[in-house]
Amino acid sequence: MKGFRVSRSTSSRQCHPYALHSHIERVPNRGTKRPREDEEEDVKVRHKPGGGRERSRHREEEAPPAAEESEDDKKKLLQIMERGEEEEEEEEPLDESSVKKMILTFEKRSYKNQELRIKFPDNPEKFMESELDLNDIIQEMHVIATMPDLYHLLVELNAIHSLLGLLGHDNTDILSVAESPACPFIRSPVVDLLQELTDIDTLHESEEGAEVLIDSLVEGQVVALLVQNLERLDESVKEEADGVHNTLAIIENMAEFRPEMCSDAAQQGLMQWLLKRLKAKMPFDANKLYCSEVLAILLQKQGRELLGELDGIDVLLQQLSVFKRHNPATAEEQEMMENLFDSLCSSLMLSSNRDRFLKGEGLQLMNLMLR
């Protein structure tokens, strides 16, 4: 057995000279020699790493930068995960309490923005941050549109009044003075929010909540404010063109839910703006089509006399005369032509408008279009 151990140890030395050399140089000067079995166990233990020990040492020397990067990546991932968990914990279920909290935050930010604008009217940098904060909370309030049964909170906490006040918010000067495209147009987010709140499908989900909302909007003369805002929008800018489209959607939704408001809407400058937009020398687009649709809706209920007073019969005939030379080029143009005919037919139910139609050579135009 002793000879067997020696030959095994010798074999180990022959296969792994580095391991033996390392063992000889690293063994401390012992006062008492350990038993043979202990020494052999030590050789076995030192034999196991063998030639891999050198490779391991080189890897350790080369590894620190990668290891440090790996540790940094892990830390970053952990931080992201922790932030995500915190955000999930911070997210409250949408209930009456969370909606109240959201509305109060909106009121505070709106007041702060107004205060800073008054205090620093010629220094946009002073109120730019408050403008961004206000825009953020308005975006968050879109979630309220998913729960129309809580619309009464918007009225009770004065949020509707504040939103309507922001339709007159003039912050286009921020872009011209600060030249910062990141600055939000507060009026546009307000219009987007009102459009979602008045979505006709959402309104029908809670008749009670919808009635409260529409009552508040009508009382605040929302249509008059929207028309004033329309006058200030530049449709050559995509965001503002979208604002025009969403504004018309608000009016359409309200008219469908409460048809009797059409008369007041027409009187608050809406019909005049629609006629002006229809005859504007602009390329045909979705907004022109939408204008023709909203006009047809208004005239189905009320506004026929007002249309005649505003020379609306002539405007309708002028727009229809375009199609006496050629047929509509697209389905959208076809739809607009049909809306214009609907408006004309509704308006002719009034005798005074029939006289205007005859004076404007409407019959001759109809004959030309039929050929």
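Me: A helix here is a DSSP run of H or I with at least four residues, a strand is a run of E with at least two, and both are numbered from the N terminus. Which helix holds Asn 135?

Reply: Asn 135 is found in helix 7, which covers residues 124-140. Before we go on, two notes: this is a predicted model, where local features need pLDDT of at least 70, side-chain atom pairs count only at pLDDT 80 or more, and totals for chains, interfaces and linings use all residues. Residues are numbered from 1 along each chain as its sequence is written, and side-chain values use heavy atoms, with hydrogens and water left out.

Me: Why is Asn 135 called buried?

Reply: Buried means under 20% relative accessible area, exposed means over 50%, and partly exposed lies in between (1.4 Å probe, protein chains only). Asn 135 has a relative accessible area of 13%, so it counts as buried. Its C-alpha atom is 8.8 Å from that of Val 190, a residue 55 places away along the chain.

Me: What makes Ser 347 buried?

Reply: Its relative accessibility is 0%, so Ser 347 falls in the buried class. Ser 347 lies in helix 20. Leaving aside residues up to four places away in sequence, Ser 347 touches Arg 304, Leu 307, Ile 313 and Asn 353, where contact means heavy atoms within 4.5 Å. The C-alpha atoms of Ser 347 and Arg 304 are separated by 5.1 Å, although these residues are 43 apart along the chain.

Me: What covers the buried residues of helix 20?

Reply: The cover includes helix 16 (262-279), helix 17 (286-301) and helix 21 (351-359). Among the buried residues themselves are Glu 333, Met 336, Leu 340 and Leu 344.

Me: How do you know that the span of helix 20 is close to the expected one?

Reply: The expected span is 1.5 Å times one less than the number of residues. Helix 20 (residues 331-347) has 17 residues, and from its first C-alpha to its last it reaches 24 Å, close to the 24 Å expected.

Me: Why is Asn 158 called partly exposed?

Reply: Asn 158 has 39% relative accessibility, so it is classed as partly exposed. You will find it in the loop between helix 8 (151-156) and helix 9 (159-166). Its phi is positive, about 70 degrees, although Asn 158 is not a glycine.

Me: And what makes Glu 361 partly exposed?

Reply: With a relative accessible area of 49%, Glu 361 is therefore partly exposed. Glu 361 sits in the loop between helix 21 and helix 22, and it also has a positive phi, about 60 degrees, without being a glycine.

Me: Which residues of the largest nonpolar core touch the most other members?

Reply: A nonpolar core is a set of buried Ala, Val, Leu, Ile, Met, Phe, Trp, Tyr and Cys residues joined through side-chain atoms within 4.5 Å. Of the 77 residues in the largest core, those touching the most other members include Phe 106, Leu 154, Leu 194 and Leu 270. Helix 16 gives the most to this core, with nine residues. Not counting residues up to four places away in sequence, Leu 270 touches Val 223, Val 227, Ile 251, Ala 265, Val 294 and Leu 298.

Me: How many helices and strands does the whole chain have?

Reply: The protein chain has 22 helices and zero strands. Buried residues make up 39% of its 371 residues. Among contacts with a separation of 6 or more, 74% join residues 24 or more positions apart.
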